[in-house]
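Here's a quick report on a protein model, going from the overall fold to a couple of surface patches. Have a look at the structure first.

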Amino acid sequence: MNAMTETETLALSTVATLETADPTKNLILVPLTDLLPHPSKRNVRQDPSMSVPELAASILRVGLLQNLIVIAAGAHYDVVAGKRRLAALKLLAKKRCIPKDREVPCLLVADGTARTASLTENVQREAMHPADQLEAFAALVAEGRGIEDIAADFGVTPLVVQRRLKLANVSPRLLEDYRANAVSLDQLMALAITDDHTAQEAAFYDAPAWQRSPVALRERLTGREIDACRSPLARFVGLDAYQAEGGGIRRDLFAEGDAGVYLLDAALLERLAQEKLSGLAAEVRAEGWAWVDAAPSITYADLQTFQRAMQESRAPNKQEAARIEKLQAKMRKLGEAVDAALEDGNEEKATALAKEGERLGEELQALENGLREYSPTVKAAAGAVVTIDRSGEAVIHRGLLREAEAKALRTLERVRQGLSSEGEVGEAANDAQGGIEKPATMSDKLAQRLSAHRTAALQIELARHPHVALAALVHGMAQRILQENCYGRYLPLDVALTVQDRLATLAPDWPDSPAAVALRELQQAWGAKLPQDDAELFTALLAMEQDELVKILAVCVAATVDVVTLRAKTQQPGAELAQAVGLDMAAWWRPTRESYFQHVSKAVILQAVGEFAPEHVNRLAKLDKAGIASEAERLVGGTGWMPAIFKDEEPQEVVQGAAQEDLLEEVSEYANAEEAELAQEALAA
């Protein structure tokens with residue numbers, strides 16, 4: 001039992017070669033003023049001292065628990081070990097928390113052993129395991145010490161103590177594995193978001209090793225909760241308002257800033273959001289609109305069910321006209337300067353000029369918007385929708401017309417202009433029913449390019465909807481194997497898993513598009529989790545839960561999606577898949593000069609501008625095509641407008657509102673009996 005090992009014998013045999021430091025003889029008290037302030041050359045630690053203020057606070061509260069090691073240096077003493085302690089004492093003296101000549105316990109060693117003593121103090125010690133620190137903090141609280149008091153002892157903030165206590169409250173089984181290095185500190189911090197030990201252990205031990213990242217663990221424990229930092233509803237309502245109504249939250253103590261707050265009561269959040277939206281809707285309704293709806297969210301497809309009412313313009317006064325003309329001239333010059341800078345390869349100058357152009361454009365738009373307003377007649381029929389955008393800000397869509405209301409307004413306008421003959425009314429009806437064939441608005445090449453981007457968007461959406469991917473795969477197999485008619489209608493994917501690789505040839509900007517990048521990252525993430533060996537791969541897949549297999553299936557099936565159309569007039573394929581995954585092209589593609597406007601005619605650009613910024617059509621019509629394309633890109637931002645190839649083929653019908661009755665009454669004031677009857681027929685249609 002008492003036999004020494006060879007290592008111990010060797011270590012003890014070297015002791016006699018050095019002059020030992022005997023605390024019973026060489027421990028002295030040295031005034032702080034007699035300790036040299038500069039770092040000693042014999043001190044082996046030359047790195048800058050860290051956390052000096054925290055150590056100073058601890059010394060002030062608890063005292064100096066460990067002496068310094070010094071050597072004589074004339075009338076003073078040189079500190080060879082304890083540089084950070086010395087810095088903390090000097091800081092306390094500077095702040096007049098202790099006397100400048102306070103006596104400091106020091107161990108005096110010989111000059112020849114100074115460096116060895118310094119190295120020994122720093123090397124021959126064993127840091128406590130972090131788990132011991134966590135349990136020690138918890139023990140202090142159990143003894144009755146307050147969090148603020150403990151924080152003052154160690155010179156840290158109360159949040160640091162709370163975080164230590166939160167980690168100490170993790171499941172004992174996980175803490176033991178943390179001691180054994182089977183659980184990392186980051187994983188422990190993620191699991192500490194809940195105090196439920198059963199949930200903590202289930203989240204960690206029930207997941208395969210490759211799904212135990214801190215992010216995955218945190219999501220597993222907060223899957224049904226609402227992230228206050230990311231949720232538009234939460235940002236719109238506000239955390240304070242939610243909590244004032246008694247809403248519960250879960251706070252991640254290890255998150256920084258406003259992140260890491262999770263809302264537990266989804267029903268309360270939705271109610272508060274609806275109430276706040278209703279209040280805004282009441283204010284908008286006071287503007288005189290026929291109807292105002294409040295909806296927490298609205299898609300671009302929803303907005304396409306409405307038509308946009310036109311605003312009336314007033315003539316600018318002399319001062320406004322001069323300012324508008326001046327701004328337009330400046331913007332034309334800036335546009336020419338930007339093109340010249342790009343041709344010269346001076347991107348920095350081009351960017352600066354473009355920003356100045358944006359500022360002038362915003363000022364011009366504000367001026368032009370001030371010259372436009374909705375007439376009382378339009379407000380009597382049209383309405384508005386108050387909603388929330390992705391950043392949690394309230395957005396108001398004004399001047400929205402349902403189909404029946406739009407027809408009524410058109411009829412009223414014809415009645416007022418004396419154009420209500422039977423032939424003209426019939427022509428209007430044919431136009432409304434799509435009787436007039438519209439010319440093609442894009443080339444086949446552009447249709448291929450845009451449909452390639454639609455394919456990319458549908459691929460990533462399908463990868464994110466495993467259930468839809470599974471249904472699509474089974475759909476194709478069932479048609480070929482289980483149904484008698486194997487020539488049925490197929491969904492646009494190749495069950496043989498032929499990866500679609502022609503998108504880059506159709507759309508040169510496809511590789512860097514958000515949809516392509518997102519799918520590529522998802523494929524790489526799953527690929528990194530799976531073994532490369534075929535046999536090992538099959539074993540790993542067999543060990544997976546069914547949900548995980550379906551997720552991998554979705555990523556693989558997504559790569560087979562192909563909804564490319566070769567002709568502009570061809571109906572877009574893949575409507576079933578798009579509807580199933582809720583495809584919103586506005587989330588994956590945006591119209592810019594390079595991606596769309598420069599590829600269509602000037603007339604088509606102006607037609608598009610008439611849909612998302614009608615007040616700018618007349619101004620843009622005076623510019624060349626390049627100028628129109630650039631302005632269209634600037635104006636389309638934030639409107640959600642998409643080319644017709646991305647829109648639903650047939651807008652939904654809406655129920656006629658009470659506004660038609662008001663319009664009929666107004667029609668009767670401006671028209672004779674025959675004209676009023678024609679208007680009534682148009683409204684009834």
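## Overall make-up

The protein has 33 helices and 13 strands, taken as DSSP runs (H or I of at least four residues for helices, E of at least two for strands) and numbered from the N terminus. This is a predicted model, so local features need pLDDT of at least 70 and side-chain atom pairs count only at pLDDT 80 or more, while totals for chains, interfaces and linings use all residues. Residues are numbered from 1 along each chain as its sequence is written, and side-chain values use heavy atoms, with hydrogens and water left out.

## Burial and contacts

Of the 685 residues, 38% are buried (under 20% relative accessible area; exposed is over 50%, partly exposed in between, with a 1.4 Å probe and protein chains only).

Take contacts (heavy atoms within 4.5 Å) between residues at least 6 apart in sequence: 74% of them join residues at least 24 apart.

## Surface patches

On the negative side, Glu-336, Asp-339, Glu-343, Asp-344 and Asp-624 gather in one patch. Glu-343 sits in helix 17 (residues 318-343) and counts as exposed because its relative accessibility is 70%.

Val-44, Leu-119 and Val-123 make a nonpolar patch with about 230 Å² of accessible area together. Val-44 lies in the loop between strand 1 (27-31) and helix 3 (52-62); at 33% relative accessibility, Val-44 is partly exposed.

Technical notes
Patches are made of residues with over 30% relative accessible area and no salt bridge: like charges are joined within 9 Å, nonpolar side chains (Val, Leu, Ile, Met, Phe, Trp, Tyr) within 5 Å. Accessible areas come from the Shrake-Rupley method with a 1.4 Å probe; for residues, only the protein chains shown count as cover. A salt bridge is a side-chain nitrogen of Lys or Arg within 4 Å of a carboxyl oxygen of Asp or Glu. Lys and Arg count as positive and Asp and Glu as negative; His and the chain ends are not counted. The place of a charge is taken as NZ of Lys, CZ of Arg, CG of Asp or CD of Glu.
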